[in-house]
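Here is a short briefing for a reader meeting this structure for the first time. Have the sequence and the model side by side as you read.

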Amino acid sequence: MKIKKEDLKRALEIVKPGLANKEIIEQSGSFAFIDGRVVTYNDEISVSHPIKDLTITGAIQAEELYKFLAKAKEEEIDIKITETEVIIKSGRATTGFSLNSKITLPLDEELVVKGKWKKLPVDFNTAINFASMSCSSDMTHPKLTCVHANQKGFIEGSDNFRVAHYMLEELPVGTFLIPANSAKIVTKLNPTKICEGNGWVHFKTEEGTMISCRVVNDNYVDTSPYTKHPKKGVNVRFPKTLSDVLDKAIIFAKGEQNSDESVEILITKNKLTVKSASLISWFKESIDIEYNTNEEISFSIVPHLLKDILKQTYDCVLSEGVLYFKSDNWIYVTSLLG
């Protein structure tokens, strides 16, 4: 059979986040082809995407297949399937990949969809992304490594030092917690529909991509005492030039993902300083700010998150050791550094 190389390569790119780094579960490091779709599964997340005109059934180790397609130059590839191999011809190159015709991933047991697909709120992906940037990475407190999506109409994340709380319309499914790492994959694929599962929550995109996330069975912390507007405090207005300074600071705060990055903000009388550092370099820049109070302000924040906040508001309130930001549909609260 002949197929467009880019169609197959793009499908594999979409499902790659579902591959396991270490294959603890058999075939969790493989692309599984079944019923006209390619599927990955790593026990926390599963991603599948339809592939037109591809009739392979079985599992192929992911790494070599993906790398070969990334290097192949021809627009069309020729695929031949035997009982034990998938043979791909691209121009003058021919490759063979071992095919395990029996898919052992627990797809039927784990990824059962319950009920009908329901439409997500319009700003669901924005809310999930916003909340995920404030989740903890400390696995001694598992619930704080998760995004909390509440059926009543809000999504939040917290690491006990900061809270990101986003208000939206009521969710069409029950309240759930998913790991922040899973949430970041969901937002990148931009789903439009949701459905409940058995210990999982499922999402679907307009293209038919399905993302299944294992939920964490726990009750989230009550953040309501921290998201109430302060009754008293000092108003602080950030300078409009701060966003440009953050663009430079980000260069020195690079992480594997945007949410891994961090900058330190220090505000003293009439001066704001931004600091960031990597293992081999560092950055510091000071700018003027209208702040006449002697109390210093110092906090760390994900720079991309702060840039998004500044698109909505430059104003916040300093009250009892926390900074409080509020827009029409979100609240962000961060404790000051000691």
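A residue is called buried when its relative accessible area is under 20%, and exposed when that area is over 50%. Thr205, at 8% relative accessibility, therefore counts as buried. Bear in mind that this is a predicted model.

**The open sheet**

- Eight strands form an open sheet with antiparallel pairing.
- Their order is β5-β2-β3-β4-β16-β15-β14-β9.
- β5 and β9 (113-119) stand at the edges. Each has a single partner strand, so one side of each is left without a neighbour in the sheet.
- From one strand to the next, the twist averages 20°.
- Strands of a sheet pair through backbone hydrogen bonds.
- β2 and β3 (residues 37-41) pair in the antiparallel sense, over three bridges. Ala32 has Val39 in β3 as its bridge partner.
- Helix α1 lies across β2, β3 and β4 (45-50). α1 runs at about 160° to β4.
- Helix α2 also packs on the sheet, where it touches β2 and β5. The direction of α2 makes about 75° with that of β5.

**The nonpolar cores**

- The largest nonpolar core has 85 residues.
- Which residues have the most contacts inside this core? They are Phe31, Phe33, Phe176, Phe203, Phe238 and Ile265.
- Another core, of seven residues, lies apart from the largest one. Val39, Tyr41, Leu111 and Trp200 are among its members.
- Leaving out residues up to four places away in sequence, Phe238 touches Ile265, Ile267, Leu272, Ile289, Phe299, Leu310, Tyr314, Cys316, Leu323 and Phe325.

- Helix α2 spans residues 62-71. Its buried residues are Ala62, Leu65, Tyr66, Phe68 and Leu69.
- Seen down the axis of α2, these buried residues fall within an arc of 160°, so they line one face of the helix.
- An α-helix has 3.6 residues a turn, so residues three or four places apart point the same way.
- The face turned away from the buried side of α2 carries the exposed residues Glu63, Glu64 and Lys71.
- The cover over the buried residues of α2 includes α1 (5-15), β2 (30-34), β5 (58-61), β6 (76-81), β7 (85-90) and β8 (93-98).

**Helix α5, largely enclosed**

- Helix α5 covers residues 180-189. Seven of its 10 residues are buried, so α5 is largely enclosed by the rest of the structure.
- The buried residues of α5 are Ala180, Ser182, Ala183, Lys184, Ile185, Val186 and Thr187.
- They pack against β4, α4 (124-132), β10 (146-150), β13 (176-179), β15 and β16.
- Asn190 follows α5 and has a positive phi, near 55°.

**Thr205 and its loop**

- Where is Thr205 found? It sits in the loop between β15 and β16.
- Neighbours within four places in sequence aside, Thr205 is in contact with Leu189, Asn190, Pro191, Thr192 and Ile211.

**Salt bridges**

- The count comes to 12 salt bridges.
- Side chains of opposite charge can pair when their charged atoms come close.
- Glu13 forms a salt bridge with Lys9, with the closest N and O atoms 2.8 Å apart. Both lie in helix α1, four residues apart, or about one turn of the helix.
- Lys9, at 15% relative accessibility, counts as buried.
- Arg10 forms a salt bridge with Glu207, the closest N and O atoms being 2.9 Å apart. This pair links distant parts of the chain. Arg10 is in helix α1 and Glu207 in the loop between β15 (200-204) and β16 (210-214), 197 residues apart.
- Arg10 is partly exposed at 39% relative accessibility, and Glu207 is partly exposed at 46%.
- Asp43 and Arg214 meet through their side chains in a salt bridge (2.8 Å, N to O). Asp43 lies in the loop between β3 and β4 and Arg214 in strand β16, so the pair ties together parts 171 residues apart in sequence.
- Asp43 is partly exposed, at 31%, and Arg214 is partly exposed, at 26%.
- A network of salt bridges links Asp43, Glu110 and Arg214.

Note on methods. Residues are numbered from 1 along each chain as its sequence is written. This is a predicted model: local features need pLDDT of at least 70, side-chain atom pairs count only at pLDDT 80 or more; totals for chains, interfaces and linings use all residues. Side-chain values use heavy atoms; hydrogens and water are left out. Buried means under 20% relative accessible area, exposed over 50%, partly exposed in between (1.4 Å probe, protein chains only). Helices (H or I, at least four residues) and strands (E, at least two) are DSSP runs, numbered from the N terminus. The arc is that of the directions from the helix axis to the C-beta atoms. Contact means heavy atoms within 4.5 Å. A nonpolar core is a set of buried Ala, Val, Leu, Ile, Met, Phe, Trp, Tyr and Cys residues joined through side-chain atoms within 4.5 Å. Two strands pair if DSSP finds at least two bridges between them. Axes are lines fitted to C-alpha atoms, for helices over the stretch in contact, and angles run from 0 to 180 degrees between N-to-C directions. A salt bridge is a side-chain nitrogen of Lys or Arg within 4 Å of a carboxyl oxygen of Asp or Glu.
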